[in-house]
Amino acid sequence: MVESGSSGFAHHLITGKWTSVFASFLIMAGAGATYLFAVYSGDIKKTLGYNQSMLNSMSTSKDIGANVGILSGLLAEVAPTWFVLVIGSLTNFIGYLMIWLAVTGRIAKPELWHMCVYIFIAANSQNFANTGSLVTCVKNFPESRSIMLGLLKGYVGLSGSLLTQICLAIYGDDTTSLILFIAWMPALISLVFVYTIQVKEVKVKQDNELKVFYQFLYLSIALAVFLMAMTLTQQHKKFKPKEYMASAIVSCIIMCLPAVVAIRQELLLWRKMKELTTEKIVEKPLAIDPFKQSPSNNGEQQPKKSFFADIFNKPKRGEDYSILQAILSIDMLIIFISTIVGIGSCLTAIDNLGQIGESLQYETKTTKTFVSLVSIWNYCGRVFSGFISEILLTKYKIPRPLLLSAVLLLSSIGYLMIAFPFNGSLYVASLIIGFTFGAQLPLIFAIISEIFGLKHYSTLFNCGQVAIPIGSFLLNKELTGKSYDREALKMHGLEGLEHRPKLLVCKGKQCFALPFKVMALATFLGAVISLILVVRTWEFYKNFKGETYIKFDEEEKKKKKGSDTASSSARGAK
């Protein structure tokens with residue numbers, strides 16, 4: 001029975017699916033702390049006396065932690081969403097707090113492996129935030145999954161620049177304090193909305209759903225434009241504390257504007273609920289994930305199969321795969337390889353952006369600008385791939401894997417601009433790398449959900465991310481870090497010495513030339529390999545609507561028919 005009065009609406013508002021979307025925006029806006037590593041990595045290098053290989057070991061541990069989310073995915077299969085978010089808050093706070101204590105000398109100087117563990121724990125927290133909020137939103141809006149992914153991942157892209165503005169207002173231009181800030185702020189946001197984010201069973205479909213998402217898009221664009229304006233202004237003008245505070249306040253106001261849209265939509269849903277019969281419950285939290293129940297059963301219980309049954313007897317694309325069926329498929333292998341070279345190369349470039357700027361004689365202030373630009377264009381890539389890929393797919397039947405191939409090809413151009421630098425090339429390269437990095441993630445997550453279904457999505461999208469730390473380890477630690485140190489030793493004439501100083505700085509084009517040539521070639525080959533997936537899934541995407549959403553559409557029609565029948569009966573009774 002539907003509650004009436006202000007208390008009933010308050011409960012509906014707090015637990016509503018649109019409120020959940022807004023809360024997820026805020027959580028995602030705080031979940032991009034890993035992208036700020038290039039800002040404070042210099043402090044770690046100086047205070048702890050690390051060379052580039054040691055720093056890249058930390059960077060690789062960060063990437064492994066940020067992308068090995070199988071634990072959070074499996075936990076989400078058996079635990080409530082609030083528990084997943086709480087675990088993420090705790091690991092974020094503990095990990096970054098220990099790094100801050102080490103850098104500020106408040107604890108004894110830790111060993112390198114200690115720092116690697118700390119940053120692994122801190123970075124791994126974003127998987128719990130992703131699983132808790134992103135997967136929930138995708139399940140609440142299955143027909144708009146690509147758009148939903150683009151928006152949510154877009155806010156992750158903006159988080160680096162947004163967190164920087166807020167941190168400048170609180171702590172000033174102190175990069176060490178940034179570590180403390182990203183320890184408590186994201187953790188606090190997740191705890192505040194821990195009960196708001198939950199999967200909802202919606203039996204009344206909103207026809208204006210796409211229109212609402214476009215309203216969210218316009219507000220996020222306004223935030224991105226403002227952050228870019230502030231970033232460029234701060235590059236040419238030294239801000240006073242009051243100006244930093246004003247910039248942060250405006251950023252937070254724009255960030256919170258989607259709440260107005262969410263409240264309005266929840267009010268509309270509330271009114272629809274009151275129009276229906278009191279016996280008809282329109283929306284309620286699910287005790288059981290609706291995507292774990294196949295709508296083709298028509299109410300009949302199907303016999304349970306063994307976890308290891310029918311591993312190689314795979315269903316059609318778009319149907320629900322088991323975890324092993326998906327992991328052992330050729331489609332997932334292609335996605336895995338493309339992710340290793342694509343996102344692995346992007347992360348390597350982003351993590352080393354501070355040292356790249358230093359080697360090419362850019363000022364420290366300018367290097368921070370590069371990091372903010374990467375963050376903003378990261379957002380642009382995520383929103384672009386979410387909205388534009390949906391339009392191209394629904395209107396022109398252009399498959400998402402083809403867009404992934406195009407994005408990989410574009411990213412290789414950005415790496416060549418670093419391998420063969422010219423005046424201002426790092427500005428252009430940071431835009432391309434930020435955009436392509438952002439565009440890849442929503443595409444990969446959407447492709448996984450479309451090909452393998454939503455039943456085990458919380459686990460499968462985290463399995464897909466496992467490729468990222470592999471690429472980071474090979475390209476960042478083994479290739480880029482060792483190549484940089486080798487060039488630094490050459491520059492200082494220290495080759496062949498048994499006892500080499502840890503802190504060496506390389507200056508010149510040669511410092512990063514070799515690894516970025518390799519990454520440009522690897523990404524180009526990744527684009528070619530991803531074309532195999534285009535060929536394999538061409539027919540599937542050609543009939544995409546019928547193959548993927550037919551079950552969901554049939555369910556919605558049945559629900560709508562049932563609602564109409566109930567409404568007609570109620571009017572007849574009157």
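## Disulfide and other cysteines

A disulfide is a pair of cysteine sulfur atoms within 2.5 Å. The structure, a predicted model, holds one disulfide. Local features in this predicted model need pLDDT of at least 70 and side-chain atom pairs count only at pLDDT 80 or more, while totals for chains, interfaces and linings use all residues. Residues are numbered from 1 along each chain as its sequence is written, and side-chain values use heavy atoms, with hydrogens and water left out.

The disulfide joins cysteine 506 to cysteine 511, with an S to S distance of 2.0 Å. The torsion about this S-S bond is about -85°, so the disulfide is left-handed. Cysteine 506 and cysteine 511 are both buried; buried means under 20% relative accessible area, exposed means over 50%, and partly exposed is in between, with a 1.4 Å probe and protein chains only.

For cysteine 252, the closest cysteine sulfur is that of cysteine 256, at 6.5 Å, which is too far for a bond. Cysteine 252 is partly exposed, with a relative accessible area of 31%. Cysteine 380 is partly exposed as well, and its relative accessible area is 25%.

## Overall composition

The protein has 23 helices and two strands. Helices (H or I, at least four residues) and strands (E, at least two) are DSSP runs, numbered from the N terminus. Of the 574 residues in the protein, 59% are buried.

Contact means heavy atoms within 4.5 Å. Among contacts between residues at least 6 apart in sequence, 84% join residues at least 24 apart.

## Helix lengths

The expected span of a helix is 1.5 Å times one less than its number of residues. Helix 6 (residues 81-103) has 23 residues and reaches 34 Å from its first C-alpha to its last, close to the expected 33 Å. Just after helix 6, glycine 105 takes a positive phi of about 75°.

Helix 12 (residues 258-275) has 18 residues, which should span 26 Å, and its end C-alpha atoms are 26 Å apart, which agrees. The buried residues in helix 12 include Pro258, Ala259, Val261, Ala262, Gln265, Glu266, Leu269, Trp270 and Met273.

## Helices 19 and 20

Two packed helices are described by the angle between their axes and the distance between the axes. The axes of helix 19 (residues 457-465) and helix 20 (residues 467-492) come within 4 Å and cross at roughly 10°. Axes here are lines fitted to C-alpha atoms, for helices over the stretch in contact, with angles running from 0 to 180 degrees between N-to-C directions. Helix 19 and helix 20 are therefore roughly parallel to each other; angles under 35 degrees count as roughly parallel, over 145 as roughly antiparallel, 65 to 115 as roughly perpendicular and the rest as oblique.

Helix 19 contributes Cys463, Gly464 and Gln465 to the contact, and helix 20 contributes Ala467, Ile468 and Pro469. By class, this contact has four nonpolar, two polar and no charged residues. Ala, Val, Leu, Ile, Met, Phe, Trp, Tyr, Cys and Pro count as nonpolar, Asp, Glu, Lys and Arg as charged, and the others, Gly among them, as polar.

Serine 472 is found in helix 20 and is buried, with a relative accessible area of 0%. Not counting residues up to four places away in sequence, serine 472 touches Ser59, Thr60, Asp63, Gly344 and Lys477.

Threonine 480 lies in helix 20 and is buried, with a relative accessible area of 0%. With residues up to four places away in sequence left out, threonine 480 touches Asn56, Thr348, Asn352, Leu475, Phe512, Pro515 and Met519. Threonine 480 and glutamine 52 are 428 residues apart in sequence and 8.9 Å apart in space, C-alpha to C-alpha.

## Loop residues

Most residues other than glycine have a negative phi. Glutamine 361 has a positive phi, near 70°, and lies in the loop between helix 15 (353-359) and helix 16 (364-396). Glutamine 361 is exposed, with a relative accessible area of 57%. Lysine 397 has a positive phi near 60°, lies in the loop between helix 16 and helix 17 (400-419), and is partly exposed at 32% relative accessible area.

Proline 142 is found in the loop between helix 7 (112-140) and helix 8 (145-171). This proline 142 is buried, with a relative accessible area of 4%. Proline 142 and leucine 454 are 312 residues apart in sequence and 8.5 Å apart in space, C-alpha to C-alpha.
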